[in-house]
Amino acid sequence: MDNCIKILRAKFNLSQADLAKMVKVRRETIVFLEKGKYNPSLQLAYDISKVFNLRIEEVFLF
């Protein structure tokens with residue numbers, strides 16, 4: 001699954017650690033998400049989308 005988390009983080013000036021703290025996961029989870037090596041749970045996808053004030057479909061490309 002592709003996503004635009006890295007681009008959005010840069011736009012919002014957030015580090016991987018910042019985003020991880022906001023959605024209550026480890027920084028490594030964000031790393032794996034950005035590399036496409038981890039598919040998020042629906043709850044995590046929702047939480048990340050809310051940080052960027054976007055819909056899940058705008059962050060994660062199915």
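1. In this predicted model, arginine 9 and glutamate 34 form a salt bridge, with 2.4 Å between the closest N and O atoms. Arginine 9 belongs to helix α1 and glutamate 34 to helix α3, so the pair ties together parts that are 25 residues apart in sequence. Both arginine 9 and glutamate 34 are buried.

2. Glutamine 16, in helix α2, touches both partners of that bridge: leaving out residues up to four places away in sequence, its contacts are Arg9, Arg27, Ile30, Val31 and Glu34. The C-alpha atom of glutamine 16 is 9.1 Å from that of threonine 29, a residue 13 places away along the chain.

3. Glutamine 16 also takes part in the packing of α2 on α3. The axes of these two helices come within 8 Å and cross at roughly 110 degrees. That angle falls between 65 and 115 degrees, so α2 counts as roughly perpendicular to α3. On the α2 side the contact is made by Gln16, Ala17, Leu19, Ala20 and Val23, and on the α3 side by Arg27, Ile30, Val31 and Glu34. Sorted by class, the contact has six nonpolar residues, one polar and two charged.

4. The count of salt bridges in the model is four. One of them joins the side chains of arginine 26 and glutamate 28, at 3.4 Å from N to O. Arginine 26 has a relative accessible area of 59% and is therefore exposed, the cut-off being over 50%. Glutamate 28, at 32% relative accessibility, counts as partly exposed.

5. Another salt bridge pairs glutamate 57 with arginine 55, and here the closest N and O atoms are 3.4 Å apart. Glutamate 57 is partly exposed at 48% relative accessibility, whereas arginine 55, with a relative accessible area of 54%, is exposed. Elsewhere, salt bridges with shared partners join Arg26, Arg27 and Glu28 into one network.

6. The largest nonpolar core has 16 residues, and those touching the most other members are Ile5, Leu33, Ile48 and Phe60. Two or more residues of this core come from each of α1 (5–11), α2 (16–23), α3 (27–35), α4 (42–51) and α5 (56–59).

7. Leucine 33 deserves a separate entry. Setting aside neighbours within four places in sequence, leucine 33 is in contact with Asn3, Ile5, Tyr38, Pro40, Leu44, Ile48 and Phe60. Among these contacts, Ile5, Ile48 and Phe60 are, with Leu33, the core residues that touch the most other members.

Key: Residues numbered from 1 in each chain as written. Predicted model: local features only at pLDDT ≥ 70, side-chain atom pairs only at ≥ 80, totals over all residues. Heavy atoms only, no water. Core = buried A, V, L, I, M, F, W, Y, C linked by side-chain atoms within 4.5 Å. Buried < 20%, exposed > 50% of the residue type's maximum accessible area, 1.4 Å probe, protein only. Helix = DSSP H or I, 4+ residues; strand = E, 2+ residues; numbered from the N terminus. Contact = heavy atoms within 4.5 Å. Axes fitted to C-alpha atoms, helices over the stretch in contact; angles between N-to-C directions. Parallel < 35°, antiparallel > 145°, perpendicular 65-115°, else oblique. Nonpolar A, V, L, I, M, F, W, Y, C, P; charged D, E, K, R; others polar.
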